[in-house]
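Here is a friendly briefing to read beside the model. Please keep the 3D view open as you go.

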Amino acid sequence: MPTSDNLRQTALYDTHIALGGRIVPFGGWAMPIQYDSILREARAVRSNVGLFDVSHMGRLKIQGAGAAPLLSRVLSLGAKSMRPGRARYCLICNQDGGIIDDCIVYRNSEEDFLLVPNAANTVAVIDWLARWNTKPNTVSINNITTETAMIAIQGPQSIPTLNEITTDDISSVLPFNTIRTRIDGIDAMLAHTGYTGEDGFEVILPAEDAAGVWRLLVEQGAASCGLGARDVLRLEAGLLLHGNDMSVDTNPYEAGLDRFVRPDRRGYVAREALLRARDNGVQKKLVGFFMTGRGIPRHGYAIHHYGRNIGEVTSGGPSPLLDSNIGLGYVPADYSAVGTHIQIDIRGRLIDAEVTSLPFYSRRKK
Amino acid sequence: MTPDALKYSEEHEWVRVEPDGVAVLGITDFAAESLGDVVFVELPELGAELTQFEKMGEIESVKAVSDLYSPVSGTVAERNESIIDSPELVNDSPFDAGWMVRVTLADAAELDNLMTHSEYQALLEAQS
């Protein structure tokens, strides 16, 4: 399938083509949206194990004596208190409290961090770090996105599947912790994180080894999955997508991400705006809803309440797991209570829906 | 795969004229495959008047919404309610269990505006 010349390709591009992946542009990259069937791929992750190429996401090495102070200034949670081997989900907010990106930060050692921003925001994040890097002689920022690859292995069988090919047993690695080990002899970092609502790991490894590891995992029974299944799964798990469900025009409190923000820290760049947002409350709130009438909500559709346009759908689609059509969207805080009856304008027809609690789906923890 | 006794439109719908003169409509395997998993179908109401090559409904996959066009003019005599409840039938069996509506033809001569099987195959090859 022809793709535009200016799209970047991950180290797994040829593997996706060989496996029948259907390629679409995403965040400046040529990525597989599906291989065989989005719904089958989503079910494979819920019931067994699936693989996602997430190499398009940025990988920034931030090192040096000034690394922890710099990250603490720009991240919504402090980095100084992180123990080596830990990972944290956090936000990068501007001075108005708007969300530039959401990302995961990993601390490998005292002066060695890895930051993983979204593909489309990697440049903005690098610029933002540079802007607040007041002691550049104590911090080095290296973009290692191209020389590495990142594969997410997700699903109830992800850990047994990985354990077949890793040197160390990864069963004891707690969520949001990492381990450095070998996969089929290749040095890799494995993080107990993901974006599907299932148990799983994300593996960072040298770009040139990615295709071989992907093949090996497929041989172990993992299903190749595309961005389509990833979007279905993250929506079911109530996980937000930057650019859809949050942006520089929303703050973390509006997005319901309160627990990932600690604004009251000296030197934090978004401190003033976020303290104000926290203390004054918010006008709009992100809610989850499910359709009670027939129809599929989609990004950009209007949300109505008794004939009045009150908001907009930011993500929506079918949930194969719940056998229902679900969505996320912003409404005035007064309409955000669970059970509120709303309607979605589906191409000119108002279809009934109901505000529900998030996440839509939460796996039973062992 | 694509049955050769049917007539085809450029919008990838098929028409099969039954012995009683009623036309059965659906979308082709190519269309179903291109859409991906079909998760929602909106069909015209019983008795609705369809016009050839005009919109008659909507079909949605996980990621996208597409219009359904009628390859013929006529009156909707029957709807395939089973694809409302089980849209995956459109993927699993586009020419059979995944049919969409039965239509009483307004003008059988319109069928000449459609492609034969070999003409449709040529169109697919030209597009691939």
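This is a predicted model: local features need pLDDT of at least 70, side-chain atom pairs count only at pLDDT 80 or more; totals for chains, interfaces and linings use all residues.

Residues are numbered from 1 along each chain as its sequence is written, while chains are lettered from A and ligands numbered from 1 in the order in which they are written.

**Where the chains meet**

- Ten residues from chain A and seven residues from chain B make up the contact; two residues are in contact if their C-beta atoms, placed from the backbone, lie within 7 Å.
- On the side of chain A that touches chain B, at least two residues each come from strand E2 (29-34), helix H2 (38-47), helix H7 (227-236) and strand E16 (308-319) of chain A. Helices (H or I, at least four residues) and strands (E, at least two) are DSSP runs, numbered from the N terminus.
- That side of chain A has six nonpolar, four polar and no charged residues. Here Ala, Val, Leu, Ile, Met, Phe, Trp, Tyr, Cys and Pro count as nonpolar, Asp, Glu, Lys and Arg as charged, and the others, Gly among them, as polar.

**Chain B overall**

- Chain B contains four helices and nine strands, and along the sequence they follow the pattern β-β-β-α-β-β-β-β-β-α-α-β-α.
- For 128 residues, a compact globule would have a radius of gyration near 14 Å, and the 13 Å of chain B agrees with this. The radius is taken over C-alpha atoms, and the globule rule is 2.2 Å times the number of residues to the power 0.38.
- Along the principal axes, the C-alpha atoms of chain B fill a box of roughly 35 × 35 × 25 Å.
- Of the 128 residues in chain B, 39% are buried. A residue is buried if 20 or more other C-beta atoms lie within 10 Å of its own, exposed if 12 or fewer, and partly exposed in between, with C-beta atoms placed from the backbone.
- Among contacts in chain B with a separation of 6 or more, 60% are between residues 24 or more positions apart.

**Sheets and strands of chain B**

- Six strands of chain B form an open sheet in the order E1-E2-E3-E9-E8-E5, with antiparallel pairing. Two strands pair if DSSP finds at least two bridges between them.
- At the edges of this sheet are strand E1 (7-8) and strand E5 (49-50) of chain B, each pairing on one side only.
- Strand E8 (residues 74-79) and strand E9 (residues 101-105) of chain B run antiparallel and are joined by five bridges; B:Thr75 has B:Thr104 as its bridge partner in E9(B).
- B:Gly74 belongs to strand E8 of chain B and counts as buried because it has 23 C-beta neighbours inside 10 Å.
- Beyond its neighbours within four places in sequence, B:Gly74 is in contact with B:Ala23, B:Leu50, B:Val103, B:Thr104, B:Leu105 and B:Ala106.
- Strand E6 (residues 55-61) of chain B is largely enclosed by the rest of the structure, because five of its seven residues are buried.
- Four bridges pair strand E4 (residues 38-42) of chain B with E6(B) in the antiparallel sense, and B:Phe40 is opposite B:Glu60 in E6(B).
- E6(B) also runs antiparallel to strand E7 (residues 65-69) of chain B, with five bridges between them, including the one from B:Lys55 to B:Tyr69. Three residues link E6(B) to E7(B) in a hairpin.

**Selected parts of chain A**

- Helix H7(A) is mostly covered, with nine of its ten residues buried; A:Arg230, A:Asp231 and A:Glu236 are among them. Just after H7(A), A:Gly238 has a positive phi of about 70°.
- E18 (residues 341-346) of chain A has two bridges to antiparallel strand E15 (residues 302-305) of chain A, and A:His304 stands opposite A:Gln343.
- Six bridges also link E18(A) to antiparallel strand E19 (residues 349-356) of chain A, with A:Ile351 as the partner of A:Ile344.
- Two residues lie between the strands in the hairpin of E18(A) and E19(A), where A:Arg347 takes a positive phi near 45°.
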